[in-house]
Amino acid sequence: MAEVVNEDDVPAARARLAARQAELLTALLANGPAPAGFDEQRLAVERRALLSKRRGIVRMLGPAVADELGERFRPLFDAYAVEHPRRAGSRAREDAASFAEWCRAAGELSAKRKARWKFWQSN
């Protein structure tokens, strides 16, 4: 139900809305608790869908990394995603590069592989 706000209370209403939106994003992207009024099961479905979409984009942008990881790609990416939720304004290529570096630091990727930074940072 929409909140009726008088003109003098608009800044406070915007601040409340921004806070609620931040709670929802935290719940969806960083495994935060469900905000009041949201169904946890429905949030879990959306959370899985968003993670799958993010994983697919990273796989598309870094097929060599995904190929080298093979069956380990999905569980490794999911662990990475929990530790590194997307930030506002971040780009998919930065996310893919960060995942590759995270895997390399964990010893999951061969150290001899050179990062393709120009590719990751283009566009």
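At the start of helix H2, a side-chain oxygen of Asp39 lies within 3.0 Å of the backbone nitrogen of Gln41. Helices here are DSSP runs of H or I with at least four residues, strands are runs of E with at least two, and both are numbered from the N terminus. The model is a predicted one, in which local features need pLDDT of at least 70 and side-chain atom pairs count only at pLDDT 80 or more, while totals for chains, interfaces and linings use all residues. Residues are numbered from 1 along each chain as its sequence is written, and side-chain values use heavy atoms, with hydrogens and water left out.

Helix H2 itself covers residues 40-61, and its end C-alpha atoms are 31 Å apart, in agreement with the 32 Å that its 22 residues should span at 1.5 Å a residue. This expected span is 1.5 Å times one less than the number of residues.

Helix H1 (residues 10-29) tells a story of its own. Ala13, Ala27 and Leu28 are buried in H1, and their arc of only 95° around the axis puts them on the same side of the helix. These buried residues pack against H2, with contact meaning heavy atoms within 4.5 Å. Pro11 and Arg14 are exposed on the face of H1 turned away from its buried side. After H1 comes Asn31, with a positive phi near 55°.

Of its 16 residues, Leu69, Phe73, Phe77 and Phe99 touch the most other members. Two or more residues each come from H2, helix H3 (63-69), helix H4 (73-83) and H5. Beyond its neighbours within four places in sequence, Phe73 contacts Arg55, Val58, Arg59, Ala66 and Phe99.

In H4, the buried residues are Phe73, Leu76, Phe77, Tyr80 and Ala81. An arc of only 135° around the axis places them on the same side of H4, and their cover includes H2, H3 and H5. Arg74, Val82 and Glu83 are exposed on the face turned away from that buried side.

Helix H5 (residues 92-105) contains Arg104, which counts as buried at 17% relative accessibility. The Arg104 side chain makes a polar contact with that of Glu101 at 2.7 Å. Such a contact is a pair of N or O atoms within 3.5 Å; within protein, one must be able to donate a hydrogen and the other to accept it, and residues adjacent in sequence count only if both atoms are side-chain atoms.

Overall, the chain has six helices and zero strands, and buried residues make up 27% of its 123 residues.

Conventions. Buried means under 20% relative accessible area, exposed over 50%, partly exposed in between (1.4 Å probe, protein chains only). The arc is that of the directions from the helix axis to the C-beta atoms. A nonpolar core is a set of buried Ala, Val, Leu, Ile, Met, Phe, Trp, Tyr and Cys residues joined through side-chain atoms within 4.5 Å.
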